[in-house]
Amino acid sequence: MKTPTLSSPAGASAQNASGLQGLWQALPDPVRSVAFRLLALGLLCLALSLASDAFLTTTNIVNVLRQAALLFLLASGVTLVILTAGLDLSVGANVAMSACLAATLMKATGSITLAVFAGLGCGLLIGIANGLLITLLRLPPFIATYGMLWILHGVTYWFMKGETIHGFPPAFRAIGSGHWLGIPIPVYLMVAFLFIGVLFAQRTRWGQEIYAVGANPEAARLSGVPVKSRLVLVYAVSGAMAGLASLIFLARLNSAEGDIGEALTLPAIAAVLIGGTSLFGGVGSVFGTLVGALILTLVLNGMNLLAISSNWQPVVTGVIVVLAVFLDNLTRKGDRK
Amino acid sequence: MTIPHDPAAPATPRVPILELRGISKRFTGVQALDDVSFELHEGEVHMLLGENGAGKSTLMKVLCGAHTADAGEFFHRGEPVVIGGPADAQRLGIAVIFQEFTLVPYLSVAQNIFLGREPRGRLPGLVDHARMRREAQVIMDQLGMTLRPDTVVATLGVAQQQMVEIAKALSQQARIVVLDEPTAALSDNETEKLFAMIETLKRQGVAMVYISHRMAEVFSMGDRITVLRDGKKVGFRMPGETAPDELVSLMVGRKVDMSYSRTYCAAPGELALRLQGVSARSGIQDVSLEVRAGEIVGLAGLVGSGRTEVARAIFGADPIAAGRIEIFGRPQTGGPTQARRLGAALIPESRKAQGLALIRSVGENLVLASLPRLFPSGLFSPSKAAAQARELITRLRIATPGPDRRVGVLSGGNQQKVVIGKWLSAEAKLFIFDEPTRGIDVGAKAEIFSLIDALVRKGAAVLMISSELSEIVNVCDRTYVMREGRVAGELARDAMSEEAILTLGMHHA
Amino acid sequence: MHEMTVRAEPVAGVGKLIARLKHAGSASGALMMLIVLCAVFAFSTENFLDGANLVNVAVQSTILLLLALPMTLIIMTEGLDLSMGAVLTLANVVLATVAVNTGGVSLALLAALGVGLAFGLVNGTLVSRLGIPPFVATLGTLGAAQGLALVVTDGQSVVGIPASVQMFYSGAFLGVPAPIWIAGIAYAAFHGVLYHTRFGANVFALGGNREALTLAGVRTRLYLVAVYVIGGLMAGLAALLLTARISSGHPTAALGMEFDAIAAVAVGGTSFEKGKGWLLGTLIGVLAVGVLRNGLNLMGVTSAVQVSAIGLLVILALMIDAFRGKQS
């Protein structure tokens, strides 16, 4: 005997719809949400090419891709964190600290290898520290990473002593500003990590566990999933990706000072949310974050082309984040109990 | 329609204090209430029975104004009225005591009683705390409560919080009080106090709608009984004219044989689970028990006696402070991950909150506990996962069009099967069931029990917690009875009866 | 058995106050931390215990208190306002600009309050009506306010603040510095509202059990918006003190101050869930943060590092709370 359920069954009307509509409704939710966003991306490109002649030039497209790559690399790690219904507010400060550490080491020893390892290692350690604060001390993620943000900010300023380091070896700078076959190196990294990210999230059992932890951490725990380990893992990855991003950022700017990269936190989170990953956890994708990063970068690029003051950029980013979350809420309101 | 009335009541038919005629309420896709008519008289305790999903909670919400009815009429003492929102319900003197309390943890008892209606102080917006305390005390005295009005609610136990809820209802001059399974979380002592309070309210002429699943209460406290099924009113009886079996068949729609017969285990196999002197901060003390392969061992006891805590301790969900747990001879000292590795499985009390990820698909839930086993290299193959899911769906007869359906839309019984399936996929050999048939309609209950029976026939071991004594008596090979955190006793098959279990589970009284 | 919501009686009888503090669980942890910090700095610096320095600490803490008071309420409703620092900054540049152009206080203050009101409304609406999680909503408005501050000033400082504004920080009345008067009145007002009015009880309920409030027929959305509006208004008021203190309007003047405010509230024992709040704890927390900054200043530690120290202080406070089993 059927017990009446009050939630609207997903895809229940698929049987009745015909043809194209039926096909659309039969698609799983994640595919549908990415399709929407790809459409938005397409429309955005169209709009921008109509609004400004400078948009479709090779220089501009390459520029956009390079910036989107950096943003994506940072945001891909944050995606995993948000999938677990967590948040990493410290990524920007992580980038700052890792970059400054790498810069200092490079200047002091001249060794690029050492600097690269230091930057990655620093980012990773910060990520692990976040993970431990959250799992061992049971601090809510936004508090732990928010506190970490300020701690890192202070430490970075302290050892930079307000100075700027600049002038790095060309081999290093190539990471950020170099090309190969006309395409910037960061873009190759973006594609590589897109594959790695999608593979990890969708085709490994750790990825499945991460989605489960986000959907219902207690049920995951009681199913034998080592929740605490997975949480530390996602924060560690987020930190490591921040470390990677810091190297690229450093290579492109060719200089380092205390606050470099701090302004990247908001856009990184924005990219993840625009890409369809839900703040409530359990829903989202790395590919979506790529689309989100592209959308955001294009919007900001468009603002530049239209000569809108860069002071408005954080405003627009903020508004887009709020919009994205609002739309996410609308569509997902009924899903959660 | 003539109203059957209590022979002791005055012969002239009274106007009901509240009458519902043809109330209907529809949610998307579901007719939650369908032409329900219902009368409530002053001073009566009107029992409302029905399975989960029958419409009881929707009816409650309509009564208190949280939902508005789509069709139908309300009459208050014969006058037509409208219940469009909480304010209307309050004005009519209707108060609902939900199972999830509407108390603010860090406010005092008095503040909670008067939430939203605090007595005004000298200046607008100010609250007269002294007067609030006095008036709260008056109500609490009427109900025989011994708390101080200044006590912070967060420091109170469940039973006391429930009394604060009732005091809150009374303070609103409630003449109609709806109680939703009020004794579900109460001890015997507390239940007696509650019943005394109900008697007081009856004498004052307050009308009560009392929702319960416990037949004993229904017959001892009820003046009249209404049964709902699938949103419709299917029966109205006086307690003296009916029996539990009839009520159950009204609730279910067919004659139901309440005995789940099975072949009991003649020769238990290896020792699957052994507890020795286990104590934990969760409240259990010095618990020792054994479960062998092939048996269904019951864990009975009143609510709050520590059964779930034992289950959680075994599975590593809560840490233990003393004692030893062995699963298939190997010590269990870690968390759920280790328990799973040792072959244990926990089907938790609340499948939605603890057993399933509702927004994930049936297939994703089914493989969640067996990811390391199915994908030892770490690489996850969706097709392999789907195949495993389909096999389990067929084997357990889970009613879903496919593994991709979101598990949150399945019915309770099918959701429970997904939880069981999850552990079958993990090749568990020791199953701990915590209230396996709670919130599941009677038809699906039988299926769950035959599933459990199939498990032990194939050599698994089962420890089953249930609050339904008939289930324990009929299904289990033997049972332990818990009382106040300790094992009060063990009953072998021939000694098992509902009376024996109750006696062991209660205080010497 | 602690009775935290029984409001602290006015300080008639310090002994009674201390007894109440002892009973109030986590707040005694905050007080202990404050005392320890004072002791540490008394030993490691020469000037900390100077009368003049202590007064200085108190005066400098007033701006933070004005932010921390509404932040307490917001956190009690299980929310957070990350935009407070940026809104304060924007209000500061607006107030400065208007003051310089009109030569007086009133219009400038009104403008600042208007800015605070506007952002408070936006925050409140986003959170209550659109159901956006508070930290995301206020993260967004943080960006907006920050950007707008740059737009309004074009990156430059606004100077030439009239004396009528400056005296709100440097002036005194009956020997007590003006900021302390303002902060004191604000504290008294918040105390009165939180513990003696219906509004206050509703704030407890918003965080503790929102459904209870709805079922009681209260318009919860309105109160939720109100809490953020109060936050915005207090940021506007704080802009007066800030402008007076730095004698200018600067586009990055108070960025990040919300962190100090959140830290003060957390250290003071207000919990991030369940509607548990303690105003006196916030006061102690504000003093703790102020003492920490002051002490580190005297030791020559730069501002950025001070912030790290505050972060560690918060973690310490939350750890102590966790140890005492307050958080489940």
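Predicted model: local features only at pLDDT ≥ 70, side-chain atom pairs only at ≥ 80, totals over all residues.
Local features need pLDDT of at least 70 and side-chain atom pairs count only at pLDDT 80 or more, while totals for chains, interfaces and linings use all residues. Residues are numbered from 1 along each chain as its sequence is written, with chains lettered from A and ligands numbered from 1 in the order in which they are written.

**View 1. Helices H9 and H11 of chain A cross.** Helices (H or I, at least four residues) and strands (E, at least two) are DSSP runs, numbered from the N terminus. The axes of H9(A) (residues 205–215) and H11(A) (residues 227–253) come within 10 Å and cross at roughly 100°. Axes are lines fitted to C-alpha atoms, for helices over the stretch in contact; angles run from 0 to 180 degrees between N-to-C directions. H9(A) is therefore roughly perpendicular to H11(A), a label for angles of 65 to 115 degrees. H9(A) contributes A:Trp206, A:Glu209, A:Ile210 and A:Val213 to the contact. H11(A) contributes A:Val227, A:Arg230, A:Leu233 and A:Val234. Contact means C-beta atoms, placed from the backbone, within 7 Å. By class, six residues are nonpolar, none polar and two charged. Ala, Val, Leu, Ile, Met, Phe, Trp, Tyr, Cys and Pro count as nonpolar, Asp, Glu, Lys and Arg as charged, and the others, Gly among them, as polar.

**View 2. An open sheet of six strands in chain B.** The strand order is E16-E17-E18-E13-E19-E20, with mixed pairing. Two strands pair if DSSP finds at least two bridges between them. E16(B) (344–347) and E20(B) (486–491) are the edge strands, each pairing on one side only. From one strand to the next, the twist averages 20°.

**View 3. The E19–E20 pair of chain B.** E19(B) (residues 478–483) and E20(B) run antiparallel, joined by five bridges. B:Met482 has B:Val487 of E20(B) as its bridge partner.

**View 4. Helices H16 and H18 of chain B on the strands.** H16(B) (residues 442–457) packs on the sheet. It touches E13(B) (296–301), E17(B) (430–434) and E18(B) (461–465). The direction of H16(B) makes about 150° with that of E18(B). H18(B) (residues 498–505) lies across E13, E19 and E20 of chain B. H18(B) runs at about 30° to E19(B).

**View 5. Chain C, with 14 helices and two strands.** Of its 328 residues, 57% count as buried, meaning that 20 or more other C-beta atoms lie within 10 Å of the residue's own.

Conventions. Buried ≥ 20, exposed ≤ 12 C-beta atoms within 10 Å, placed from the backbone. Parallel < 35°, antiparallel > 145°, perpendicular 65-115°, else oblique. Contact = placed C-beta atoms within 7 Å.
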